[in-house]
Amino acid sequence: LDDPGGAVTELRQLRQDPAYDNSFVRMVTAFYASCFGDHELALDICRDLRKANSSLIFMIWRPIHQPMRRLPDFKELLRDLGLVEYWRETGKWGEFCRPVGDGDFTCE
């Protein structure tokens, strides 16, 4: 905890280690990546969870991931999940995202 740079290095190595390739460990790794300020790593891990069809993807809404949700590529993850299409069709945008004009949206 007292060496954020070292922690992020460890988290990046952990992400590449096949021994830790399961959804739960991936989400915990994303959590700690956000804790240590590496929001890009957290987003990359969430993309991995999406590709694995993990039910833990809902963790993207945890408060620790707020900075991650502001990254431009987070929008692509939401599109891949089908959430943007659903929100536009139903008008139910929830608490964290809202439309901006006809073709864009923002998340907090």
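## His 39

His 39 counts as buried because its relative accessibility is 18% (buried is under 20% relative accessible area, exposed over 50%, partly exposed in between; 1.4 Å probe, protein chains only). The model is predicted: local features need pLDDT of at least 70, side-chain atom pairs count only at pLDDT 80 or more, and totals for chains, interfaces and linings use all residues. Residues are numbered from 1 along each chain as its sequence is written, and side-chain values use heavy atoms, without hydrogens and water.

His 39 sits in helix α3 (helices, H or I, at least four residues, and strands, E, at least two, are DSSP runs numbered from the N terminus). Neighbours within four places in sequence aside, His 39 contacts Ala 33, Ser 34, Pro 67, Met 68 and Leu 71 (contact: heavy atoms within 4.5 Å).

## Nonpolar core

The largest nonpolar core holds 26 residues (a core is a set of buried Ala, Val, Leu, Ile, Met, Phe, Trp, Tyr and Cys residues joined through side-chain atoms within 4.5 Å). Cys 46, Ile 60, Met 68, Phe 74 and Leu 78 have the most contacts inside it. Two or more residues each come from α1 (4-16), α2 (23-35), α3 (39-51), α5 (72-81), α6 (83-90) and β2 (104-107). Helix α3 gives the largest share, six residues.

Phe 74 touches Leu 43, Ile 60, Trp 61, Met 68, Arg 69 and Cys 107, leaving out residues up to four places away in sequence.

## Helix α2

Val 28 lies in helix α2. Val 28 is partly exposed, at 31% relative accessible area.
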